[in-house]
Amino acid sequence: MDLAPVLDGFGVVLQPTNLLYCLIGVVVGMLVGVLPGLGPAATIAILLPITIGIEPVTAVIMLAGIFYGAQYGGTITSVLLRLPGEASSVVTVFDGFALARQGRAGTALGIAAVGSFLGGTVSIVALSFVAPLVAGFALDFGPPEYTALALLGILLVATVSSGDRLKAVIAACLGLLLATVGRDGFTGAERFTFDNLSLADGLDFVPIAMGLFGLGEILYNLEERHRAVHAPATVANVWPSRKDLRQSSGAIGRGSVLGFFLGILPGGGATLASLAAYAMEKRRSKTPERFGRGAVEGVAAPESANNAAATSSFIPLLTLGIPANATMAVIYGALLIQGVSPGPQLVDQEPELFWGVVNSMYIGNILLLIMSIPLVGLFVKILRVRATILAPITVLITLIGVYTVNYDVFDIGLVVAFGALGYLMKKLGFDPGPLVLAFVLGSLLEDSLRRSLLLFDGDPTGFLTRPISGTLLVLFLVVVLLPLIRAALPRRRADARRDTKELV
Amino acid sequence: MTSPAGGTHVPGRPGGHPAAGATPQAGPGTPPEVSTPEEFDLEEAIHQVEAEEHEGRPPAAGLLGNLVVAAAVVVLGVAAVVGSLAFDAGSARSPEAGTWPLMVSVVIVVLGLGLVVTARRTTDAERFGRTSWLVLVGLATMVVFVAVIPVIGFEIPAALLAFVWLRFLGSEGWRTSIVTSVALVVAFYLIFVGALSVPIPHLF
């Protein structure tokens, strides 16, 4: 491995502008994690307009910071309030809150911060070695491989995400359909433009992401009765003791490794990693009965895993050009706006961008560790900011922000329309994540499919004659067919479960 | 006080215990004594946290609502099929502009029919109720914003939007609402028009 570009990458990160944006990113991410309501995907979407004027490296450094920063912040509310700020912190609630009730909130937060830092760092180191290898492997990918990869990626993200799988796949198809709006790249024919000039060049990514994730979420939250938040006034003694550290060191190590691998899988990501790490720790433990009542490992394992996964989910994006989750899809969109198309060539053609972003994560993690231990008290205070005041501010930032991209009022209309769609989707159980992901991959998918069909002279079995595309397509079929087979089997188990729920 | 472990006091629900308790250990013939009353069931606990998150939310939609959603998806898919047929559908040998949209639309129709079949078991759609009017009001303020901004600039509609959201959607006090919305517009004016000179339509 050639070390020069890696070191150059550190040079890029240490430029004052990039350091500043890294800091802004992690602080914003942490705030987003603490404040319930907007998730990292929504925040990154809303901040897309401000990335347009700045350098691509700087932009992605900031957006990445928001993403992994949110994993740190989500812990704070889980531990103190039993409210997971992010989906990936749900399991931290059990032992974290139990510790808090025993007056050991500081221990839980400290262990979580240390675990997050170590998990993130292990994952960055592994990423630095694995990513160039994957990219090298993927350099020979042709249209058939990309077709299969994009199909499988979209399907996995749709089926692994929480909620109804069928609905998530429908959302993904809708995204693919939206991506066809505008002039067809091959024939020049106009599709679904309804003779509207603003649609001739296709739908822009920014209003779609801002509308679906940002406005959609804010509108959805309007229907929620606000719960009173009782934040504890102070959190004492955040430094974990030596005994706690020793007790959780194994959990942190195993969580980091597990998180790294699960993060690479499309659709895997931080949430799945935290769940798996918690379950594994509990199974391995000699005293599993402590879990759920304040076991330090029960905080350490999921928190290390979700940070490791958040970091490693950059691998498919930066090496294959396939985002592994909704947040990565938004970052993918941000790169496309900057004129950078992520893919296997990125490591060689844009080493500054690649290594700049990767290495910024070391710095970001250090910044987060420094901030999260002494500044926990400050972040707890932020919990008192009322959602009712934040909502109109966010709405106005979205509406005016989207205008600044093209200076076009049509875009404001578009963002409102997609906001309405995002609300309806969330309300009716359709996850908007797969839609956005499918939208960004839509033209790549259609393009490679049409090229492949020309290549195979119209014979779809041609996909199976190439080893990589064949394997991926077989996997695709397995993922499609497995739930169908399972659904055909008796459904008694699930029904019985639901009945007991209502009884309790 | 017992809420975090609430799902685990098994003795409280004798009827449902075998089914729910058997899920974690799928092995046949596992003695039921393995799941002691003190055992912490991960799956159960996650369900509980998620349920708590949904506590403030409107109730789930009924069968009719789910059927309407499924029908809407089918209609959307059919419309997309019709729209795609307007372009050259081509063939596998020579894919044209209409080929891909047609494929995707057909999949949407099929999946929509799948939703119709599973409508009875669907639980993740929410009912529209009184609180949904709040969302409609929120959307209306945004529509008004878009409609009038080319005519009278962003200041008045932005202040109005913020005020409606604060006072009526957020139930803040009159004074807080007025002061915050005016301050917001001033801040936006200073940032976007003053500092960044964004050519956004403005009155002043």
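Analyst: As this is a predicted model, we begin with confidence: pLDDT is the predictor's confidence in each residue, from 0 to 100. Local features here need pLDDT of at least 70, side-chain atom pairs count only at pLDDT 80 or more, and totals for chains, interfaces and linings use all residues of the predicted model. Residues are numbered from 1 along each chain as its sequence is written, while chains are lettered from A and ligands numbered from 1 in the order in which they are written.

User: Over which residues of chain B does pLDDT stay under 50?

Analyst: Residues 1-38 of chain B stay under 50 in pLDDT, and for them the model has 39 contacts beyond four places in sequence, a contact being two residues whose C-beta atoms, placed from the backbone, lie within 7 Å. Chain B has a mean pLDDT of 78, with 79% of its residues reaching 70 or more, and the predictor gives the complex an ipTM of 0.85 and a pTM of 0.86.

User: How many residues of chain A are in contact with chain B?

Analyst: In chain A, 68 residues are in contact with 72 residues of chain B. Helix 19 of chain A gives the most to the side of chain A that touches chain B, with 11 residues; helices (H or I, at least four residues) and strands (E, at least two) are DSSP runs, numbered from the N terminus.

User: Which residues of chain B does UniProt list as "transmembrane region"?

Analyst: The unreviewed UniProt entry lists residues 63-87, 99-121, 133-166 and 178-198 of chain B, in the numbering used here, with feature names shortened and annotations that may be inferred rather than shown by experiment. In the model, residues 63-87 of chain B are 92% helix and 0% strand, with end C-alpha atoms 37 Å apart, and residues 178-198 of chain B are 86% helix and 0% strand, with end C-alpha atoms 26 Å apart.

User: Is Leu133(A) buried or exposed?

Analyst: A residue is buried if 20 or more other C-beta atoms, placed from the backbone, lie within 10 Å of its own, exposed if 12 or fewer, and partly exposed in between. Leu133(A) is exposed because 12 other C-beta atoms lie within 10 Å; Leu133(A) is found in helix 7 (residues 105-138) of chain A, and its C-alpha atom is separated by 9.7 Å from that of Pro344(A), 211 residues apart along the chain. Of the 504 residues of chain A, 59% count as buried.
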